Amino acid sequence: MAESLVTIANLTREKIDYLLEMAQEFEKHPNRKLLDGRVVATLFFEPSTRTRLSFETAASRLGARVIGFTDPKVTSSTKGETLKDTIMMVGNYADIIVMRHYLEGAARYAAEVSPVPVVNAGDGANQHPTQTMLDLYSIKKTQGTLENLNIYMVGDLKYGRTVHSLLQAMRHYNPTFHFIAPRELAMPEEYKLYCDARGIKYVEHEDFNEDVISGADILYMTRVQRERFTDLMEYERVKDVYILRENMLAKAKENMRILHPLPRVNEIAYDVDASPHAYYFEQARNGLYAREAILCNALGITLDEVRADQTIIL
Ligand code: CP
């Protein structure tokens, strides 16, 4: 059955595990013809490198064609066309819509009015569920499990949609969170209440040093997002509060991995890239497999069908 992906909060543990298994199949064989003849629309009302290109790569490697835009200024939305009408039009042309939008709730609205499945590629500071699927895939691949992990989230926890989605997805796996942020960018109350209501353990810190890092299984760094600030003086005050440097990893657990949804600005120094703990570029590559699974699932292709697939191109 075709289905939209708007929020990670709606996915059961079984569904998440199922999508991760499907992603694993695509990592073994990314090139197939499972979406031959389909059209994938990528509508990006906000800038993107990884999300758009990995979705378009996923569609291409599965044999689909891609239409879309990377800049809403070249579309009729500049003439006043509403999001509803845009979605209705694109739904006439494509079999699925992948959309990033600057407004929180835009993906839900699009899914409600769309004649075809909608995949949320990020809506404002709200959700980034496909990033979360690749984050979960990366965590499981590096730690061997999603259960009972110490996940340290660092940086912009207020506006960071990736940490909001990841927090909600991890509810199934008994995590302990450490939230490390300047007061201005602390994890919002609603997400702390979300943890409280589900018995999820969390600790808040403002310190960020090698002793704090020593407890982490996953160190999830985030960028301070200039584009979300209305007061740029505030952005200047907080943008470089936390910078991870290689010499801060001396006490890290051997299997600790550093994730970052990217792009990075200053928050991870370049000397970290050569560390065995650095995993952010591999994490981005995992996005291809996770998004192949998301596209197939949204279009009604099952894990059994992927496993039985005879269209693999070696
Ligand atoms: N992680 C992520 O969403 O990156 P892009 O903004 O480049 O898509």
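**View 1. Position of the ligand between the two domains of the predicted model.** Both domain 1 (8–127 + 287–308) and domain 2 (129–283) contribute residues to the shell around the ligand, so the ligand lies between them. These bounds come from an automatic or database domain assignment. The centres of domain 1 and domain 2, taken over C-alpha atoms, are 25 Å apart. Across the two, 31 residues of domain 1 are in contact with 27 residues of domain 2 (contact means heavy atoms within 4.5 Å). This is a predicted model, in which local features need pLDDT of at least 70 and side-chain atom pairs count only at pLDDT 80 or more, while totals for chains, interfaces and linings use all residues. Residues are numbered from 1 along each chain as its sequence is written, and side-chain values use heavy atoms, with hydrogens and water left out.

**View 2. Residues of the ligand shell.** Ser-48, Thr-49, Arg-50, Thr-51, Arg-100, His-128, Gln-131, Pro-261 and Leu-262 surround the ligand (each with a heavy atom within 4 Å of it). By class, this shell comprises two nonpolar, five polar and two charged residues.

View 3. The pairs shown are N or O atoms within 3.5 Å. The side chain of Ser-48 places an N or O atom 2.6 Å from an oxygen atom of the ligand. A ligand nitrogen atom lies 3.0 Å from an N or O atom in the side chain of Gln-131. At Pro-261, a polar backbone atom is 2.8 Å from a nitrogen atom of the ligand. Of the 250 Å² of accessible area that the ligand has on its own, the protein covers 91% (Shrake-Rupley method, 1.4 Å probe).

Terms used:
Polar contact = N/O pair within 3.5 Å; in protein donor to acceptor, adjacent residues only side chain to side chain. Nonpolar A, V, L, I, M, F, W, Y, C, P; charged D, E, K, R; others polar.
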